[in-house]
Amino acid sequence: MRGKIRRIKFILPLILSHLLICCSSSQEARVIFAVGGTPAELKGWEQLVNGFQWRSGIPIEILLLPADTDQQRQSLIISLEAGVKNPDVFLMDVGWLALFSHSGWLEPLKGIDTAPFFSKVIELSDTYQGNLVALPMYMDGGLLYYRKDLLNASGISGPPKTWENLLSTSLLIQPGMRRERPDFYGFVWQGAEYEGLICDFLEFAGSNGGFILKDGLIRVNTPENRHAVQFMHDLIWKYKISPPTTYTEMKEEQVRRYFQRGDALYERNWPYAWNLHEDEESEVRNRTGIAPIPAPRGAESVSTLGGWHIGVSRFSDAKPEALEFVKYVTSYMGQKKMVLLLGWNPGRQDLYLDREVIEKMPHFSKLKEIFQNAGPRPMVPYYAQVSKIVQTKINGVLAGRYSSDQALKEADEEIAALLKRYRIE
Amino acid sequence: MSKSEVREGLAFLMPLILVLVIFILLGVLFTVMDSFFRDVTYLPKKFIGLENYAALFGDRAFRQSIEFTFLFVLVSVPLEVFIGLVIALVLNESFPLRGAVRASILIPWAIPNAVTGRIFELIYNYSYGGANYLLRTLHISSDPVHWLGDPAGAFFSLVLADAWKTTPFAAIILLAGLSAIPSDLYAQARVDRAGFMQRLVKVTLPLLKPVLVVTFLFRTIQALQIFDIIYVLTKGGPGGSTMSLSMYGYLSFSAGDFGYGSAISVILFLMAFGFSLGYLRLGAFGKEIS
């Protein structure tokens, strides 16, 4: 009875969309593929889907999702919680994988050779209870972009290896640049209240910090983390090498544009920014270099792992066909198509050695190493809530609402309260 | 009324009742039921009674969002109704092009909330926003102001955006109320040599009271549910200081915790319900009908 009510509750809002799908479909097995993204990405997917349909004869229907990551998660969660059979295949951000797999929504993918993929990613993100439940389509890892020309002009030999080094070189170069460019800042990064802030925080904290899993519980209140958060605050308020809008406006795109118009020496961003910086209209074309994220004192550098993974719904009524589709899009040729079309960083390692790919994307050799060492965020199903708690606290520190000590202490208390509520101890 | 008349009446009402039951009553009931469960996508569903509610009251972020939501209602609603009243009084006088002005005042109300959010995002933007541009060109301040950068600034920026968007709504309802006041009452008041203030306090406001109460009621309920503008402008920041109740509920749902999110929705519902009862009593609507 309870199950029934639960189904009705979620199905009601879906009735309309369902009617549309039911009425247009014939009885043959068709695969509904839910995907959202930029127009260019969607065009890429369309080409891939057409290629698959032509080869296999299996009809695929693209179900468009909102471009926004949070909204994509929201729409998928509602369909899956209702247990409806559509969509059959969907893309997931690496940050949701644990939630989806622990909820029992992902069908194990059988008969796939995982050797060509990034092994750490397969092991930590795509495997649940010994089964492969997803495959990486697209890889992301935090990078440091720097202005080669400005460093050269100041006689600095290369990009900074440590955060202290990044600070000192920024302080050296920023005043001179300000004379001509009043908005010039040493370092731009993602500080707004959203998931990107956590990705940056993990990189500021380095290998000794971040989310600490202790006795199955997540903690953030450690000296290394307090130091990292204080450093983030000081970049804006004490050293003033990051703009005051860091904690209100700065997300990936704002950061990317800031750097691209020539108003920053260093930028923290994902690999996608590279192609845009090298665009013909970019102010920083041929003046930009990429390097691994700097390391904090006494620790190793960390690049936060991101990316999109593809999986099959447990409720799908076309599982074999869906699996064929997954195999196709994650194949060497399938991923190569997306790389050449969109400059995507594929989830397969072997493509980073492909001659045609390297010719078009010479920076790929550096990326491969960064992805191999990138650190995932905790693979726990309640990650979204933990992340939200920590985001709010760190953003509050950047806004001057709390001290870093108070913020992380409160974050730990709130995480503990959450886990207690879920009886996860 | 005869029995057949009642039956006929019910038949006519049935479609509406069905719509209300299916789309509103069932939704509310399921939400209330769900709030008594631990309904998290990756945990077994379990009846936990009032545990979600107990947890809410120990939840710092929830208390913060209650405080914010109340404060937002207390500041924005009277402001909007007051400005709306002034606009309505002006629009009630006859002047050239009154029709065009009346129509154009509604433009902000016709713009979707999310778009309003985007408009104000462009106004409040630190480096190229309209507000800082004005400050600079009018020589009020050479340093840009970080409008959304601290809790108080973000709060008033949101109130301003909301007021811009919803004041026309208040104005139009109040205008309808004003035009229903018989004009011979004013003529009479003039004969008694009542000045503008006296006419306003002794004639207009008492007769406008039921409409004023309704305006307050509508605006309060809408302000309690404030979501879109916050979602676009601050996402609840900085540091969670502008997190509204509905935003907090949304976050719970989107993190897969339906029970907790439902409990938040129920509390929001109860608050709106309480406010409505209070206003209805204030308006003394029952009495007038009898």
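In this predicted model, the C-alpha centres of domain 1 and domain 2 of chain A sit 29 Å apart. Domain 1 takes in 25-140 + 305-373 and domain 2 takes in 143-302 + 382-421, with bounds that come from an automatic or database domain assignment. Across the boundary, 11 residues of domain 1 of chain A are in contact with 11 residues of domain 2 of chain A (C-beta atoms, placed from the backbone, within 7 Å). On the domain 1 side, helix H5 (97-102) and helix H16 (364-373) of chain A each put in at least two residues; helices here are DSSP runs of H or I, at least four residues, numbered from the N terminus. H16(A) gives the largest share, 3 residues. That side splits into 4 nonpolar, 5 polar and 2 charged residues, where Ala, Val, Leu, Ile, Met, Phe, Trp, Tyr, Cys and Pro count as nonpolar, Asp, Glu, Lys and Arg as charged, and the others, Gly among them, as polar.

As for helix packing, H10 (residues 223-237) and H17 (residues 383-398) of chain A meet at about 40°, axes 9 Å apart. The contact draws on A:Val229, A:Met232, A:His233 and A:Ile236 from H10(A), and on A:Ile394, A:Val397 and A:Leu398 from H17(A). These residues come out as 6 nonpolar, 1 polar and no charged.

Residues are numbered from 1 along each chain as its sequence is written, and chains are lettered from A and ligands numbered from 1 in the order in which they are written. Local features need pLDDT of at least 70 and side-chain atom pairs count only at pLDDT 80 or more, while totals for chains, interfaces and linings use all residues.

Technical notes. Axes are lines fitted to C-alpha atoms, for helices over the stretch in contact, and angles run from 0 to 180 degrees between N-to-C directions. Two residues are in contact if their C-beta atoms, placed from the backbone, lie within 7 Å.
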